[in-house]
Amino acid sequence: MAENGEEKLIAMARHIAKTLGHNESTADDILQIFSNFDGRFSRENLSDHIAAAVPGTDSRALDHAIKSLDRQISQYVVADQPIWSDSADSAAFLDTIDELTATIRDWTPMAAADKAVGASLARAEDLIQQAVFRLEDEFRMLMERGGESFELNRRRRRDGESPAGNHWFDSDEEEEDEDEDEEEEEVVVPSANGEYHDYIPVAQPLTDYDVVIDALPSGTINDLHEIAKRMVAAGFGKECSHVYSSCRRDFLEESVSRLGLQQKLSSEEVQKMPWQDLEDEIEKWIKAANVLLRILFPSERRLCDRVFFGLSSAADLSFMEVCRGSTIQILNFADAVAIGSRSPERLFKILDLFETLRDLIPEFECNFSDQYCLVLRNEAVAIWNRLREAIRGMFMELENLIRRDPAKDPVPGGGLHPITRYVMNYLLAACRSRETLEQVFEDSVNGGLGAKDSSASPLSVQMAWIMELLESNLEQKAKIYGDPALCAVFMMNNEKYIVKKVKDIDPKNSQLSALLGDDWIRKHTAKVKQYHLNYQRSSWNKILGVLKADNSSPAATANAGGKPMSAKEKIKLFNSQFEEVYKTQSQWVVFDEQLRKDIRTSLTNLLLPAYGNFIGRFQNSPEAGRNVDKYIKYSLEDVESRINRLFQGGSGSAGGGRK
């Protein structure tokens with residue numbers, strides 16, 4: 001029945017319109033009559049029907065609708081009070097904007113054929129722009145008011161439930177000073193209208209990163225969503241994103257500042273920074289990067305998705321604009337470190353940086369998965385790879401340092417060379433990050449060493465190569481010693497130190513042993529023994545030749561006339577040679593206590609039996625006569641005592657005979 005009555009009403013309207021002609025005021029009267037007759041048939045609902053019956057009324061109906069919407073929108077655009085302070089006003093304003101948007105959409109296809117329609121639509125576009133400008137202001141005010149509300153609740157929670165001054169993300173220095181100066185903890189930033197509000201929320205210390213920050217109340221988020229829908233529908237999605245991001249960027253920038261990370265350090269400033277200061281900055285960077293990628297960015301992503309629900313492009317653009325500045329800041333710092341000095345001592349902090357960025361790459365991929373953030377995601381991976389190259393470069397610098405270390409001044413007493421201590425301690429410390437270094441070197445190729453053992457990992461090859469360089473350098477240094485025995489002691493000392501460090505049973509130092517392998521350890525342990533034998537032959541074989549009964553070593557037992565030495569001449573020669581060896585070698589050094597003990601034991605076992613036999617033969621020979629003690633300067637106990645005082649680095653004395 002209702003539908004039949006409406007059809008009759010429309011038919012009557014058409015008939016009246018035909019009868020009365022094209023007079024515009026008459027058409028308006030007709031619309032008013034039917035609107036008063038039945039509220040269901042508003043002027044807007046019947047305009048199209050009348051326009052269809054009366055040629056030329058299309059543009060007038062559109063013009064009339066726009067004028068009506070203009071009156072409604074203007075009262076909100078010029079309002080002094082925030083529209084969203086009254087829910088009824090905000091709902092009515094949004095409805096009017098929806099109607100205007102629909103009108104523009106419906107009439108746009110006719111604009112090309114009808115200039116009057118085009119002119120009316122131009123006025124409608126101006127009107128929608130005015131409305132959107134007011135929506136922008138309302139959007140901004142809602143975000144600021146929402147932030148103020150969040151800050152107020154945060155203060156209440158802090159004062160009522162948690163310790164005063166206990167903020168998320170505060171730097172260490174701020175945490176120490178917060179009890180003394182709580183008022184300075186509040187963040188003060190200017191709002192869009194020039195007023196100052198300390199609304200930016202800053203998070204509290206955390207034990208893990210499973211945290212999401214709801215920076216705005218749910219009601220505010222819903223209001224923002226409704227505004228965003230209208231702005232996007234009206235073609236102002238980018239403008240909406242800009243307003244949103246300009247407000248949220250302040251939060252991130254303040255949080256980064258709270259973490260102690262310096263703002264806007266240039267690459268040159270980072271590279272010129274003293275290393276100790278840079279170490280501190282790297283520590284702050286690691287803290288800030290983890291908080292940003294694991295807490296703040298996911299929270300911002302969640303907020304964007306709620307505000308721009310169903311508007312994925314606007315959500316992605318907004319998120320990118322919010323996070324881009326902070327992301328570029330942390331990436332630029334890491335990049336400046338990566339392209340900076342490759343001095344070997346920087347390795348360990350660079351490893352920390354590399355590991356942090358490596359662990360955060362999945363967070364970059366998760367947070368920055370859309371098209372707008374692709375550049376940021378790719379840049380993070382590129383900088384991570386540059387850090388990898390920097391670490392490799394530091395090992396190359398270590399190799400160069402070993403090669404260039406000059407063989408000038410010998411280490412006194414054939415002791416441990418500083419380069420040996422430095423390299424071994426460096427490698428032990430580096431190998432505590434074995435898993436990371438395996439990842440760093442997994443793509444590197446060292447053809448010369450890799451060919452020896454194709455099954456070895458690239459890191460194993462790298463470690464073996466550095467050890468080979470070190471040993472080669474030590475061999476060059478050993479040549480500057482004039483005494484072959486001292487040369488052997490020097491190599492024995494350094495080789496023993498190397499093997500001892502590699503075989504360290506401490507779990508935190510065991511990785512180098514695992515990388516080099518048991519065969520390497522056996523080979524170099526054998527080298528220590530060989531150097532020991534070389535020393536023994538160089539120092540003591542000549543003395544042992546003097547003590548032999550058969551004069552089988554003519555060079556050692558012939559006198560100045562070329563004749564075999566008498567027993568008295570032999571004992572005098574032994575006394576002289578033993579005294580000289582003792583005097584010299586008591587100044588030498590064997591750093592390892594067990595090695596020193598082993599050398600002394602082997603010398604005692606080698607020398608004492610031969611010397612004891614020699615003395616026995618001499619005492620029983622007619623040549624000795626009655627004054628045998630006159631020729632025997634050292635007893636067996638004296639010889640053993642002096643052997644046990646060898647390699648004390650200057651604490652021994654050669655003087656005196658039997659006591």
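Modeller: One definition is needed before we begin: helices are DSSP runs of H or I with at least four residues, numbered from the N terminus. Please also bear in mind that this is a predicted model.

Colleague: In which helix is T103 found, and is T103 buried or exposed?

Modeller: T103 is found in helix 5, which spans residues 87–107. Leaving aside residues up to four places away in sequence, T103 touches L62 and L69. Buried means under 20% relative accessible area. The value for T103 is 12%, so T103 counts as buried.

Colleague: How many helices and strands are there in the chain, and what percentage of the contacts with a separation of 6 or more comes from residues 24 or more positions apart?

Modeller: The chain has 25 helices and two strands. Of its 659 residues, 47% count as buried. Among contacts with a separation of 6 or more, the share from residues 24 or more positions apart is 76%.

Colleague: Which residues does W285 touch, not counting residues up to four places away in sequence?

Modeller: With residues up to four places away in sequence left out, its contacts are L261, I330, F333, A334, L353, T356 and L357.

Colleague: Are helix 15 and helix 19 roughly parallel or roughly antiparallel?

Modeller: The axes of helix 15 (residues 418–431) and helix 19 (residues 484–502) come within 10 Å. On the helix 15 side, T420, R421, M424, N425 and L428 meet N494, Y497, I498, K501 and V502 of helix 19. The residues of this contact divide into five nonpolar, three polar and two charged. Angles under 35 degrees count as roughly parallel, and the crossing is at roughly 10°, so the two helices are roughly parallel.

Colleague: How is helix 8 placed relative to helix 11, parallel or oblique?

Modeller: The axes of helix 8 (residues 218–233) and helix 11 come within 8 Å and cross at roughly 55°. That angle makes helix 8 oblique to helix 11.

Colleague: Which residues make the contact of helix 8 with helix 11?

Modeller: By class, this contact has five nonpolar, two polar and one charged residues. Helix 8 brings S218, I221, L224, H225 and A228, while helix 11 brings L303, R306 and V307.

Colleague: Why do the buried residues of helix 25 lie on the same side of the helix?

Modeller: In helix 25, the buried residues are D638, V639, R642 and I643. What covers them includes helix 23 (567–585) and helix 24 (593–620). An α-helix has 3.6 residues a turn, so residues three or four places apart point the same way.

Colleague: What is the phi of F647, and is F647 buried or exposed?

Modeller: F647 lies in the segment after helix 25 (636–643). Its phi is near 65°, a positive value in a residue other than glycine. With a relative accessible area of 3%, F647 is buried.

Definitions and conventions:
Residues numbered from 1 in each chain as written. Predicted model: local features only at pLDDT ≥ 70, side-chain atom pairs only at ≥ 80, totals over all residues. Heavy atoms only, no water. Buried < 20%, exposed > 50% of the residue type's maximum accessible area, 1.4 Å probe, protein only. Contact = heavy atoms within 4.5 Å. Axes fitted to C-alpha atoms, helices over the stretch in contact; angles between N-to-C directions. Parallel < 35°, antiparallel > 145°, perpendicular 65-115°, else oblique. Nonpolar A, V, L, I, M, F, W, Y, C, P; charged D, E, K, R; others polar.
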